[in-house]
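Reader: Hi! Could you walk me through this one?
Author: Happy to. Here it is.

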Amino acid sequence: MSISFKVLEDNLKCKFNQPTLLREALTHRSYKFESKEPLNDNQRLEFLGDAVIELIVSRYLFDRYPDAPEGDLTKYRAALVKESALFECAKSIKLGKYLLLGKSELKSQGNERPSNLSDAYEALMAAIYLDQGYETAQSFHINILEKLWDEPADLLLVQNPKGTLQELTQKNHGSPPKYITISKTGPEHDPLYKVECILNKELISKGQGKTLKAAQENAARKAIHCLKEEKS
């Protein structure tokens, strides 16, 4: 095993009994394609890791939110197993430094691409599970989750603020919010949108962004904050 993999093991605080599993977890298909020696890429481990992570997260949420209904638990789990969440997990352990990539993939900064990193993280979780067992994999992943997010449910606000706001307003106010575009300024290649979020004909918040979607999402985040403050 290369020195870099030993450094990774030290950083992960996980010494592999089968070092080939770690190498396989970090081998992108582009590296396998360009290699002169027979190698396995990480796609099969990625498949298994997806299931391992889903089970770990399901049990974690089941224990953490004993009074939450099934629908809420399902939404929390979806947020924690999304590519964007796993990308953050991978970045937190600097996994991109250790990916084995083909020359063209490396040249195009494939070691920073969210899809590559999230896939590699899933493969790594499978490798830990196969090498160390479920409890070690569970402890490893939950430790990362809790370092990244104090409150897992808050991920919904980050990932889907408009959906979160709509559920909140439907439940507490009986109607969904409306977004009104106030202006679009700047050149075509660099526009700035400004929107207002209206609830029951009242202005709740304003938002702006480089796209209409981003402006609406920013307005939704502010609206959620305002409504929660009113409730408290």
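**Active and binding sites**

Reader: Where is Asp-50?
Author: Asp-50 sits in helix 4, residues 43–64. Helices here are DSSP runs of H or I with at least four residues, strands are runs of E with at least two, and both are numbered from the N terminus.

Reader: What should I know about the model and the numbers?
Author: This is a predicted model, where local features need pLDDT of at least 70 and side-chain atom pairs count only at pLDDT 80 or more, while totals for chains, interfaces and linings use all residues. Residues are numbered from 1 along each chain as its sequence is written, and side-chain values use heavy atoms, with hydrogens and water left out.

Reader: Which residues does UniProt list as "active site"?
Author: The unreviewed UniProt entry puts that feature at Asp-50 and Glu-122. They are spread over 73 residues of sequence, but cluster in space, with a largest C-alpha distance of 5.6 Å. UniProt positions follow the numbering used here, feature names are shortened, and annotations may be inferred rather than shown by experiment.

Reader: And where's Glu-122, and is it buried or exposed?
Author: Glu-122 is found in helix 8, residues 114–132. Glu-122 is buried, because its relative accessible area is 9%. Asp-50 counts as partly exposed, at 38% relative accessibility. The cut-offs are under 20% relative accessible area for buried, over 50% for exposed and in between for partly exposed, with a 1.4 Å probe and protein chains only.

Reader: What does Glu-122 touch?
Author: Leaving out residues up to four places away in sequence, Glu-122 touches Leu-45, Glu-46, Gly-49, Asp-50, Ile-53 and Leu-86. A contact means heavy atoms within 4.5 Å.

Reader: Okay, what about the "binding site" feature, which residues are those?
Author: The unreviewed UniProt entry places it at Glu-46, Asp-119 and Glu-122. They span 77 residues in sequence, yet no two of their C-alpha atoms are more than 5.9 Å apart, so they gather at one spot.

Reader: Where is Glu-46, then?
Author: Glu-46 is in helix 4. With residues up to four places away in sequence not counted, Glu-46 touches Asp-119, Glu-122 and Ala-123.

Reader: New topic: how do strand 2 and strand 3 pair?
Author: Strand 2 (residues 192–199) and strand 3 (residues 202–209) pair in the antiparallel sense over seven bridges. Two strands pair if DSSP finds at least two bridges between them.
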